[in-house]
Amino acid sequence: MPIKYNLTTYDMLANQIHKLSIKNGSASPVKFDEEARSITEDGDIIRAKAVIIASFSSNLSWQTYKTITTDPGKLNSIEVKREYDEAVTDKWKRVTNNDVREVATNGIGDNAFSTWLFFNVDKDAHDAYNKAWRLFKSEFSEGCETARPGA
């Protein structure tokens with residue numbers, strides 16, 4: 001008899017990130033080409049979400065997590081910038097469903113996100129991260145514990 005399990009939305013996003021990291025682990029930094037929106041846009045959005053999650057998760061970026069949850073006014077620090085750079089190059093590949101859950105339920109506001117974005121992300125990638133942040137928030141705005149049948 002096959003084993004059945006339920007997948008949450010957290011699991012689904014973590015699985016998408018894992019598949020993308022295997023398929024395209026050494027991709028260039030996140031940005032969109034406005035004229036060439038095609039299949040790669042989905043991968044770019046998933047990767048941007050992964051970088052955001054890796055940047056805000058206590059498991060992967062402790063200094064950023066501590067700063068964004070206690071004093072977002074201090075997001076212009078060397079430690080936060082270093083953790084963002086690490087998230088872009090490597091940490092995004094290690095995002096788990098627990099990291100997704102933590103960031104989704106942390107209550108990080110748009111002002112804190114915008115401050116982080118302004119101080120740490122290259123200006124040409126702002127649109128991509130803003131879009132990914134909006135999509136991420138909308139995916140998890142109604143709660144995520146809705147189980148989905150898995151195989």
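In this predicted model, Trp 62, Gln 63, Thr 64 and Thr 67 of helix α3 are in contact with Glu 79, Val 80 and Glu 83 of helix α4. Sorted by class, the residues of this contact are two nonpolar, three polar and two charged. Helix α3 covers residues 62-70 and helix α4 covers residues 78-89. Their axes come within 8 Å and cross at roughly 125 degrees, which makes α3 oblique to α4. The crossing of α3 past α4 is left-handed.

**The protein as a whole**

The protein contains seven helices and two strands. Along the sequence these elements follow the pattern β-α-α-α-α-α-α-α-β. Of the 151 residues in the protein, 40% are buried. Among contacts with a separation of 6 or more, 78% join residues 24 or more positions apart.

Helix α1 (residues 9-23) packs with helix α5 (residues 97-105). The angle is about 120 degrees and the axes are 8 Å apart, so α1 is oblique to α5. Here α1 passes α5 in a right-handed crossing. On the α1 side, the residues that meet α5 are Tyr 10, Asp 11, Leu 13 and Ala 14. On the α5 side they are Asn 97, Val 100, Arg 101, Ala 104 and Thr 105. By class, the contact of α1 with α5 divides into five nonpolar, two polar and two charged residues.

| Residue | Relative accessibility | Class |
|---|---|---|
| Asn 120 | 2% | buried |
| Leu 60 | 8% | buried |
| His 18 | 43% | partly exposed |

Asn 120 is found in helix α6, which covers residues 110-120. Is Asn 120 buried or exposed? Its relative accessibility is 2%, and buried means under 20%, so Asn 120 counts as buried. A polar atom of the Asn 120 side chain lies 2.9 Å from the backbone oxygen of Trp 116. Apart from neighbours within four places in sequence, Asn 120 is in contact with Leu 75, Ser 77, Val 80, Lys 81 and Tyr 84. One of these, Val 80, is also among the α4 residues that meet α3.

Leu 60 lies in the loop between α2 (39-56) and α3. With a relative accessibility of 8%, Leu 60 counts as buried. Which residues does Leu 60 contact, leaving aside its neighbours within four places in sequence? They are Ala 54, Lys 91, Arg 94, Val 95 and Asp 99. The C-alpha atoms of Leu 60 and Ala 87 are 8.0 Å apart in space, and the two residues are 27 residues apart in sequence.

His 18 lies in helix α1, the helix that packs with α5. At 43% relative accessibility, His 18 counts as partly exposed. The C-alpha atom of His 18 is separated by 7.6 Å from that of Arg 94. Along the chain, His 18 and Arg 94 are 76 residues apart. Arg 94 is also one of the residues in contact with Leu 60.

Conventions: Residues are numbered from 1 along each chain as its sequence is written. This is a predicted model: local features need pLDDT of at least 70, side-chain atom pairs count only at pLDDT 80 or more; totals for chains, interfaces and linings use all residues. Side-chain values use heavy atoms; hydrogens and water are left out. Axes are lines fitted to C-alpha atoms, for helices over the stretch in contact, and angles run from 0 to 180 degrees between N-to-C directions. Helices (H or I, at least four residues) and strands (E, at least two) are DSSP runs, numbered from the N terminus. Angles under 35 degrees count as roughly parallel, over 145 as roughly antiparallel, 65 to 115 as roughly perpendicular and the rest as oblique. A crossing is left-handed if the near helix is turned anticlockwise from the far one by less than a right angle, and right-handed if clockwise. Contact means heavy atoms within 4.5 Å. Ala, Val, Leu, Ile, Met, Phe, Trp, Tyr, Cys and Pro count as nonpolar, Asp, Glu, Lys and Arg as charged, and the others, Gly among them, as polar. Buried means under 20% relative accessible area, exposed over 50%, partly exposed in between (1.4 Å probe, protein chains only). A polar contact is a pair of N or O atoms within 3.5 Å; within protein, one must be able to donate a hydrogen and the other to accept it, and residues adjacent in sequence count only if both atoms are side-chain atoms.
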